Amino acid sequence: MSLPSRLQLPPGTWATLLDGLCARFPRIARAQWQDRFARGRVLDAQGRALAPGMPWQVGLDIQYFREVADEPVIPFTETLVHLDAHLLVADKPHFLPVTPAGGHVRETLLARLVARTGNADLVPLHRLDRLTAGLVLFSTQRASRDAYQRLFRERRIEKTYEALAPALPGREFPLQRDSRLVPGEPFFRMAEVHGEPNARSRIELIEAEGPIWRYRLLPETGRKHQLRVHMAMLGAPIVGDDLYPQLRQRPPNVAEAPLQLLARALAFDDPLNGERRVFSSSRSLSLPAGGG
């Protein structure tokens, strides 16, 4: 099962819905849009199929299904950790995106879980990078969704990560890293700059043997790539990181050199009943062959 993308038609002078969609999404061939219409893959908000020749109506809400030709299968499987009337907790493998983006539509954690549970109302409550493994929390219904989203907005959820990274023998632990992160170059990287800190991480030591140590990372804020940047700027870039401190080409085989970063645990007081909730990943980190 794939999930539809939604669009509210913006102002424009196009005569038909087909013309407008072709103009708005120039990378998608006109013939591909025509094929989607023919197969009932462009719908109104109520799920009724739309015709390509209907007039362009500013403000109309439509749904359409993104499709990627020859989308590669990601050969790693998620684990269902917990499911109840309000929450689903999944243990995500490396390389699997949480939501559709770029060339990934069907091969995402969200699409797999919707197909597995039959629940089209699933919504992820937080982000986890495609290259990071571990726990992702989903809301299963709209009625209680905001109560759980507030946990993240108000920083009332404890997130614990593990990472493998080079040794830092000259540092004392636990270590606090506070800095200001802003979008860098290229646009998908983050950079530390001078200014009021907006990213805070506590770094603890789990194992200190050999050239690669095992760290516990406790983010106090949730900036994009925060833990990856902080470890790199400390002089211990996470093993397998292809963005920090330097951008490098990732091996074409996705099974090679996974980023050694794991969202190990989530803990919080349930906003509905006050119950203490603690979830843990069963995954483990390991060095690639010959990695020390």
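A charge is taken to sit over a ring when NZ of Lys or CZ of Arg is within 6 Å of the ring centre and within 35 degrees of the ring normal. With that in mind, and remembering that this is a predicted model, begin the tour by selecting Arg 36 and Trp 33: the charged end of Arg 36 sits over the ring of Trp 33, at 4.6 Å from its centre.

Trp 33 itself is buried, with a relative accessible area of 0%. The model has nine aromatic pairs in its count. In one of them, the ring centres of Phe 25 and Trp 33 are 5.8 Å apart and the planes meet at 45°, so this pair is classed as tilted. For another geometry, select Phe 187 and Phe 188, an edge-to-face pair with 5.3 Å from centre to centre and 80° between the planes. Phe 187 counts as exposed because its relative accessibility is 68%, over the 50% cut-off, while Phe 188, at 30%, counts as partly exposed.

Stay in this part of the chain and select Glu 185 and Pro 186, where the peptide bond joining the two is cis, with omega near -10°. Pro 186 belongs to the loop between strand E9 and strand E10 (190–193). A cis bond is also found between Tyr 244 and Pro 245, where omega is about 0°; Pro 245 lies in the loop between helix H5 (226–233) and strand E13.

Next, colour strand E9 (residues 175–183) and strand E11 (residues 199–207), which pair in the antiparallel sense over five bridges. If you label side chains here, you will find Asp 178 opposite Arg 200 in E11.

Select His 225, in the loop between E12 and H5: its phi is near 60°, a positive value in a residue other than glycine, and at 9% relative accessibility His 225 counts as buried. Then move to Phe 95, in the loop between strand E5 and helix H3 (109–117), where phi is near 80°, likewise positive in a residue other than glycine; Phe 95, at 4% relative accessibility, counts as buried.

For the last stop, select helix H4 (residues 145–153) and ask which of its residues are buried. They are Arg 145, Ala 147, Tyr 148, Leu 151 and Phe 152. In an α-helix, residues three or four places apart point the same way, because there are 3.6 residues a turn. To see what covers the buried residues of H4, show the strands around the helix, including E5 (87–92), E6 (123–124), E7 (133–139) and E13 (261–269). Finally, step just past the end of H4 to Arg 155, which takes a positive phi of about 55°.

Conventions. Residues numbered from 1 in each chain as written. Predicted model: local features only at pLDDT ≥ 70, side-chain atom pairs only at ≥ 80, totals over all residues. Heavy atoms only, no water. Buried < 20%, exposed > 50% of the residue type's maximum accessible area, 1.4 Å probe, protein only. Helix = DSSP H or I, 4+ residues; strand = E, 2+ residues; numbered from the N terminus. Contact = heavy atoms within 4.5 Å. Pairing = 2+ DSSP bridges. Phe/Tyr/Trp six-rings, centres within 6.5 Å; stacked < 30°, edge-to-face > 60°.
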